[in-house]
Amino acid sequence: MRLSSLADYAVVMMSAAARHCGGIARLNATLLSEETGVPLPTVQKLVSRLSAAGLIESTRGTGGGFRLSRPPAMISLADIIEAVEGPIALTSCVDGASQDCCVEQTCKVKPHWNAVNGAVRGALAGVSLASLSQTPVLQAPA
């Protein structure tokens with residue numbers, strides 16, 4: 001399992017935004033692009049998706065920009081990934097979309113995929129944006 005580049009960039013951007021959380025000024029896409037190294041068009045695209053998902057608040061015009069819609073501790077890694085990728089679903093058995101699985105009628109694992117998917121989503125939901133935006137403390141080797 002691997003995140004798309006867009007989801008990865010969204011996590012990087014949101015982490016940077018969280019580090020600015022509490023500042024009076026709003027962030028803008030150019031500043032975020034410069035700080036993170038994510039290309040400006042990608043930042044703009046992700047700001048749109050993250051805003052549509054309710055994770056950031058965006059204001060246009062002079063003095064505009066964006067900021068987190070809630071504290072970083074209240075935004076999870078799962079929230080960010082779902083804003084970009086859609087619902088977390090490890091297999092098509094879980095996402096409810098039409099399936100073209102040739103073993104669907106006889107599959108003995110299908111009833112268990114929801115539990116597996118829930119465990120993965122739960123693990124991602126347990127990681128807050130606040131924890132992702134902190135500078136890691138390096139441990140000295142024992």
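This is a predicted model: local features need pLDDT of at least 70, side-chain atom pairs count only at pLDDT 80 or more; totals for chains, interfaces and linings use all residues.
**Exercise 1. Find the buried residues of helix α2 and work out why they line one face of the helix.**

Solution. 
- Step 1: Helix α2 covers residues 29-36, and its buried residues are Ala 29, Leu 32 and Ser 33.
- Step 2: Look down the axis of α2: these buried residues fall within an arc of 100°, so they line one face of the helix.
- Step 3: An α-helix has 3.6 residues a turn, so residues three or four places apart point the same way.
- Step 4: Ask what lies over this face. The cover for the buried residues of α2 includes α1 (5-19), α3 (40-52) and β2 (65-68).
- Step 5: Finish with the two ends. Asn 28 caps the N-terminal end, with a side-chain oxygen 3.1 Å from the backbone nitrogen of Thr 30. After α2 comes Gly 37, whose phi is positive, near 85°.

**Exercise 2. Which residues have the most contacts inside the largest nonpolar core?**

Solution. 
- Step 1: The largest nonpolar core has 30 residues, and Met 14, Leu 50, Leu 68 and Ile 80 have the most contacts inside it.
- Step 2: Trace where the core comes from: α1, α2, α3, β2 and α4 (77-85) each give two or more residues. The largest share, eight residues, comes from α1.
- Step 3: Zoom in on Leu 50. Leaving out residues up to four places away in sequence, Leu 50 touches Ala 10, Met 13, Met 14, Leu 55, Ile 56, Ile 80 and Ala 83.
- Step 4: Here is the wider picture: in soluble globular proteins, nonpolar side chains tend to be buried together.

**Exercise 3. How many salt bridges are there? Describe three of them, with the elements that they link.**

Solution. 
- Step 1: The count comes to four salt bridges.
- Step 2: In one of them, Arg 19 pairs with Glu 35, and the closest N and O atoms are 3.7 Å apart. Arg 19 lies in helix α1 and Glu 35 in helix α2, so the pair ties together parts that are 16 residues apart in sequence.
- Step 3: Glu 57 and Arg 67 meet in another, at 3.4 Å from N to O. Glu 57 sits in strand β1 (residues 56-59) and Arg 67 in strand β2, ten residues apart.
- Step 4: Arg 121 also bonds with Glu 82 in a salt bridge, with the closest N and O atoms 2.8 Å apart. This pair links helix α6 (residues 110-125) to helix α4, and the two residues are 39 residues apart.

**Exercise 4. Is Arg 121 buried or partly exposed?**

Solution. 
- Step 1: Recall the cut-off: buried means under 20% relative accessible area, and exposed means over 50%.
- Step 2: Arg 121 has 28% relative accessibility, so Arg 121 counts as partly exposed.

Notes
Residues are numbered from 1 along each chain as its sequence is written. Side-chain values use heavy atoms; hydrogens and water are left out. Buried means under 20% relative accessible area, exposed over 50%, partly exposed in between (1.4 Å probe, protein chains only). Helices (H or I, at least four residues) and strands (E, at least two) are DSSP runs, numbered from the N terminus. The arc is that of the directions from the helix axis to the C-beta atoms. Contact means heavy atoms within 4.5 Å. A polar contact is a pair of N or O atoms within 3.5 Å; within protein, one must be able to donate a hydrogen and the other to accept it, and residues adjacent in sequence count only if both atoms are side-chain atoms. A nonpolar core is a set of buried Ala, Val, Leu, Ile, Met, Phe, Trp, Tyr and Cys residues joined through side-chain atoms within 4.5 Å. A salt bridge is a side-chain nitrogen of Lys or Arg within 4 Å of a carboxyl oxygen of Asp or Glu.
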